[in-house]
Amino acid sequence: PRASHRDNTRRVPMHYVIPSLVEASCVGGRSCIEHPVYETLEIIRKFVSLHPEGIQQADPESGLVPFLQATAEATKHRSASSGGFASPFPDEPSLSIVYSLLREDQSSIRIALER
């Protein structure tokens, strides 16, 4: 399926990949200088390049645009964790995902504020 394809719940692939990537980055507790984090950011960039409009589309399940969806996922996983991260900066990988999404399209902030 294409990156712009909506399923029967009206979600596009980016809506599925963001929670998975954020969860993986939170559980992994890796520093952003490590390759898996770079690879995660490359996956996001690829999804954005395949479907640029997806970064502005709210996830029908959460009602959040992708950068807020990533923020909410990171908060959920941080709250659920016991603080046993391997990294001295446990929020760094998930914040990198949020930052990457915002860098791809800053207008998603306006869209989020208008909702």
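Colleague: Which exposed residues sit on the face of α5 turned away from its buried side?

Modeller: Leu-113 and Glu-114. We call a residue exposed over 50% relative accessible area, buried under 20% and partly exposed in between, using a 1.4 Å probe and protein chains only. Bear in mind that this is a predicted model: local features need pLDDT of at least 70, side-chain atom pairs count only at pLDDT 80 or more, and totals for chains, interfaces and linings use all residues. Residues are numbered from 1 along each chain as its sequence is written, and side-chain values use heavy atoms, with hydrogens and water left out.

Colleague: And what are the buried residues of α5?

Modeller: Ser-108, Ile-111 and Ala-112, in a helix spanning residues 107-114.

Colleague: Why do you say they line one face of the helix?

Modeller: Because, looking down the axis of α5, they fall within an arc of 100°. The arc is taken from the directions from the helix axis to the C-beta atoms. An α-helix has 3.6 residues a turn, so residues three or four places apart point the same way.

Colleague: How many helices and strands does the chain have?

Modeller: Five helices and zero strands, running α-α-α-α-α from the N terminus.

Colleague: What is the largest nonpolar core?

Modeller: A set of 21 residues, with Ile-18, Ala-70, Ile-97 and Leu-101 having the most contacts inside it. To qualify, residues must be buried Ala, Val, Leu, Ile, Met, Phe, Trp, Tyr or Cys, joined through side-chain atoms within 4.5 Å. Two or more residues each come from α1 (13-28), α2 (35-50), α3 (66-80), α4 (92-104) and α5, and α1 gives the largest share, five residues.

Colleague: Which residues is Ala-70 in contact with, leaving aside neighbours within four places in sequence?

Modeller: Ile-18, Val-22, Ile-97, Val-98 and Leu-101, where contact means heavy atoms within 4.5 Å.

Colleague: What does Arg-11 lie over?

Modeller: The face of Tyr-16, at 4.2 Å from the ring centre. The rule wants NZ of Lys or CZ of Arg within 6 Å of the ring centre and within 35 degrees of the ring normal, so Arg-11 counts as a charge over a ring.

Colleague: What is the phi of Arg-10 near?

Modeller: Near 75°, a positive value in a residue other than glycine. Most residues other than glycine have a negative phi. Arg-10 lies in the segment before α1.

Definitions and conventions. Helix = DSSP H or I, 4+ residues; strand = E, 2+ residues; numbered from the N terminus.
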